[in-house]
Every structure is written in structure tokens, then in C-alpha cells.
Amino acid sequence: MNIRNEIAEQFRAATVSPENSPKGTVDYDYVCADILIALTIPRLIEELGSLEAFYTIFDDMVDLELALEAA
């Protein structure tokens with residue numbers, strides 16, 4: 001499985017985890033932390049070239065999730 005698919009799987013799992021919604025809504029900082037722990041920063045940098053590349057993918061996923069919630 002490629003790293004982008006793994007990030008997406010981790011994102012989906014983290015957004016539905018009750019631990020990441022302490023106030024009733026998803027806290028995306030917690031979601032991000034879960035992904036970084038699961039996939040590890042060194043691996044993300046190795047596979048994507050930089051941590052900034054991960055944050056770009058993550059931000060796009062958050063934007064999409066929020067757009068779907070608003071629809």
C-alpha cells in the first residue's frame with residue numbers, strides 16, 4: 001500500500017475515534033498526532049520527501065472532511 005493510502009486510512013480511523021472528539025467535535029490536532037505516531041515522522045519524511053508534504057496532504061484531507069460535513 002502506498003503512503004498516501006496509509007495516511008488516508010489512519011485519517012479515517014482517527015476522525016471516528018471518540019478519543020479525538022473530547023468536546024463533541026473532531027480535534028484535528030489529535031488526529032494529526034495519531035497519524036504521526038502510527039506512521040512515524042522518519043517514515044513520512046522518507047516516503048514523502050519532507051514533513052511539509054505530509055501536512056499538505058493532511059490539510060487537504062481536513063478541508064475535504066469539513067466540506068463534506070457542511071454539505
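Colleague: Let's start with Phe11. Why is Phe11 called buried?

Modeller: Keep in mind that this is a predicted model. In it, Phe11 has a relative accessible area of 5%. Buried means under 20%, so with 5% Phe11 counts as buried.

Colleague: And what makes Phe11 and Phe58 an edge-to-face pair?

Modeller: The structure holds 4 aromatic pairs. In the pair of Phe11 and Phe58, the ring centres are 5.8 Å apart and the planes sit at 75°. Rings pair if their centres lie within 6.5 Å, and planes over 60 degrees apart count as edge-to-face. Both values pass, so the pair is edge-to-face. This pair links distant parts of the chain, as Phe11 is in helix α1 (residues 3-16) and Phe58 is in helix α4, 47 residues apart.

Colleague: What puts Phe58 in the buried class?

Modeller: Its value: Phe58 has a relative accessible area of 5%, so under the 20% cut-off Phe58 is buried. Phe58 also belongs to one aromatic cluster with Phe11, Tyr28, Phe54 and Tyr55.

Colleague: Tyr55 is in that cluster. Why is Tyr55 called partly exposed?

Modeller: Tyr55 lies in helix α4 (residues 51-70) and has 33% relative accessibility. Buried stops under 20% and exposed begins over 50%, so 33% falls in between and Tyr55 counts as partly exposed. Beyond its sequence neighbours up to four places away, Tyr55 touches Cys32 and Leu36. The C-alpha atoms of Tyr55 and Cys32 are separated by 8.8 Å, and the two residues are 23 apart along the chain.

Colleague: Further along the helix, how do you know that Ala67 is partly exposed?

Modeller: By the cut-offs again. Ala67, in helix α4, has 43% relative accessibility, which is between 20% and 50%, so Ala67 counts as partly exposed.

Colleague: What makes up the largest nonpolar core?

Modeller: That core has 20 residues, and those with the most contacts inside it are Ile7, Phe11, Val31, Leu44, Phe54 and Phe58. Two or more residues come from each of α1, α2 (28-39), α3 (41-48) and α4. Take Phe54: leaving out residues up to four places away in sequence, Phe54 touches Ile7, Cys32, Ile35, Leu36, Leu44 and Leu48.

Colleague: Now a loop residue. Why is Asn20 called buried?

Modeller: Asn20 lies in the loop between α1 and α2, with a relative accessible area of 3%. That is under 20%, so Asn20 is buried. Past its neighbours within four places in sequence, Asn20 has contacts that include Ala14, Thr25, Tyr30 and Val31.

Colleague: And what makes the link between Asn20 and Asp34 a polar contact?

Modeller: The side chains of Asn20 and Asp34 are joined at 2.8 Å. The limit for the N or O atoms is 3.5 Å, with one able to donate a hydrogen and the other to accept it. At 2.8 Å, the pair of Asn20 and Asp34 counts as a polar contact.

Methods. Residues numbered from 1 in each chain as written. Predicted model: local features only at pLDDT ≥ 70, side-chain atom pairs only at ≥ 80, totals over all residues. Heavy atoms only, no water. Helix = DSSP H or I, 4+ residues; strand = E, 2+ residues; numbered from the N terminus. Buried < 20%, exposed > 50% of the residue type's maximum accessible area, 1.4 Å probe, protein only. Contact = heavy atoms within 4.5 Å. Phe/Tyr/Trp six-rings, centres within 6.5 Å; stacked < 30°, edge-to-face > 60°. Core = buried A, V, L, I, M, F, W, Y, C linked by side-chain atoms within 4.5 Å.
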